[in-house]
Amino acid sequence: MTPFQISFCCANTDPEPWLAGLHAALPQAQVSVWQPGAPAADVAVVWQPPQQFFDEQPQLNAIFNIGAGVDALMKLRLPPQAVVVRLEDAGMAVQMAEYVCQAVIRHFRDLNAYADDARVGHWTYYKPRQRSDFPVGVMGLGVLGARVAQALTHFEFPVNGWSRTPSALDGVRSFSGAAQLDDFLASSRVLVNLLPLTPDTTNILNRAHLSRLQPSGYLINVARGAHLVEDDLLALIHSGHLSGALLDVFRTEPLPADHPFWREPKITLTPHTSARTLREDSIAQIAGKIGALLRSEALAGIVDPVRGY
Ligand code: NDP
Ligand code: OXD
């Protein structure tokens with residue numbers, strides 16, 4: 001393996017354990033935290049880097065994103081020869097499956113209402129509901145969406161999936177492309193969003209689309225805040241067409257203290273935590289891919305700059 005330089009430029013991330021882990025996995029690499037004016041590197045490991053980083057590192061061969069979603073990266077001017085590589089699963093798929101399954105089950109089994117009752121000392125029963133009345137639609141059937149959709153089938157919910165190209169997942173009814181979006185939505189009561197954020201998917205969770213969900217629909221957004229038109233969600237909850245939402249991602253993060261979502265009792269919030277980047281898994285995946293790159297082998301997880309994911 002030829003010696004090479006890795007530049008680490010990750011916002012909101014303690015660099016030291018990453019540097020140690022990357023160095024242990026790639027002993028021939030020189031790994032350093034990027035500072036303005038730093039020497040030229042071969043490979044970058046990034047999360048939400050500034051434009052200045054790429055302006056100063058035009059020679060990069062590869063850019064490894066320590067997340068699955070590359071939307072923040074794809075807005076920047078990147079060195080044209082550099083491949084952009086995202087995390088694929090790296091321990092996130094099981095987290096996403098457990099988060100979404102608990103959310104669907106919590107909603108289906110009225111567990112929020114039971115928790116409210118318990119707080120005021122009420123011993124109350126709610127009528128059991130039919131699983132067949134709770135078809136779940138998963139938007140995006142990639143690494144994370146496919147895992148979520150299949151996990152939901154184990155609880156015997158009817159599951160629909162929507163992707164750009166047709167999919168073939170056991171127990172999941174496939175819908176694809178813009179032409180089948182309305183049918184997909186009309187066939188779903190709970191909607192789970194696991195799309196990448198691209199020009200095609202920005203604002204896709206809008207009034208027109210959310211109105212097509214079955215009555216008392218429920219939204220689970222675990223992808224990106226800019227998929228959702230926030231006022232449209234509030235309007236549809238207030239009109240009663242939607243029974244509520246679980247939101248993990250927001251247009252502005254952290255969610256501002258005066259945001260109406262904090263005060264809407266039918267909205268449950270978590271702070272972008274449904275599937276966390278796991279350092280050790282991610283380092284192992286990135287180091288494996290850097291090794292493949294150095295051996296000129298094919299690499300999985302390369303982002304298509306035209307599609308944007
Ligand atoms: P993938 O790239 O593996 O999957 C993307 C899926 O979306 C594919 O099925 C793709 O279709 C589909 N898709 C893309 N564009 C369209 C479109 N215009 N119309 C219909 N379907 C479309 O991504 P991952 O599963 O790895 O991740 C998904 C997203 O989850 C990330 O981009 C990120 O934003 C979010 N995320 C959120 C986290 C959190 O903690 N909240 C953590 C990790 C990720 P096709 O199969 O045909 O290509
Ligand atoms: C990701 C994320 O894209 O953490 O991986 O949101």
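Biologist: Which kind of ligand 1 atom lies 2.9 Å from a backbone N or O atom of Arg-164?
Modeller: At 2.9 Å from that Arg-164 backbone atom sits a nitrogen atom of ligand 1. This is a predicted model: local features need pLDDT of at least 70, side-chain atom pairs count only at pLDDT 80 or more, and totals for chains, interfaces and linings use all residues; side-chain values use heavy atoms, without hydrogens and water. Residues are numbered from 1 along each chain as its sequence is written, while chains are lettered from A and ligands numbered from 1 in the order in which they are written.

Biologist: Which side chain has an N or O atom 2.6 Å from an oxygen atom of ligand 1?
Modeller: A polar backbone atom of Ala-275 lies 3.1 Å from an oxygen atom of ligand 1. The 2.6 Å distance belongs to the side chain of Tyr-309.

Biologist: How much of ligand 1 does the protein cover?
Modeller: On its own, ligand 1 has 940 Å² of accessible area, by the Shrake-Rupley method with a 1.4 Å probe. The protein's share of cover is 91%.

Biologist: Which element gives the largest share of the shell around ligand 1?
Modeller: 29 residues surround ligand 1, each with a heavy atom within 4 Å. Helices (H or I, at least four residues) and strands (E, at least two) are DSSP runs, numbered from the N terminus. With three residues, the largest share comes from H6.

Biologist: What percentage of ligand 2 is buried by the protein?
Modeller: Taken alone, ligand 2 exposes 210 Å². The protein buries 87%.

Biologist: Is His-227 buried or exposed?
Modeller: His-227 lies in the loop between strand E10 (217–221) and helix H9 (230–238). Its relative accessible area is 0%. Buried means under 20%, exposed over 50%, partly exposed in between (1.4 Å probe, protein chains only). Therefore His-227 is buried.

Biologist: Which backbone oxygen does the His-227 side chain reach at 3.0 Å?
Modeller: His-227 touches residues including Asn-193, Leu-195, Thr-201 and Asn-221, not counting those up to four places away in sequence. Contact means heavy atoms within 4.5 Å. The oxygen at 3.0 Å belongs to Pro-196.

Note on methods. A polar contact is a pair of N or O atoms within 3.5 Å; within protein, one must be able to donate a hydrogen and the other to accept it, and residues adjacent in sequence count only if both atoms are side-chain atoms.
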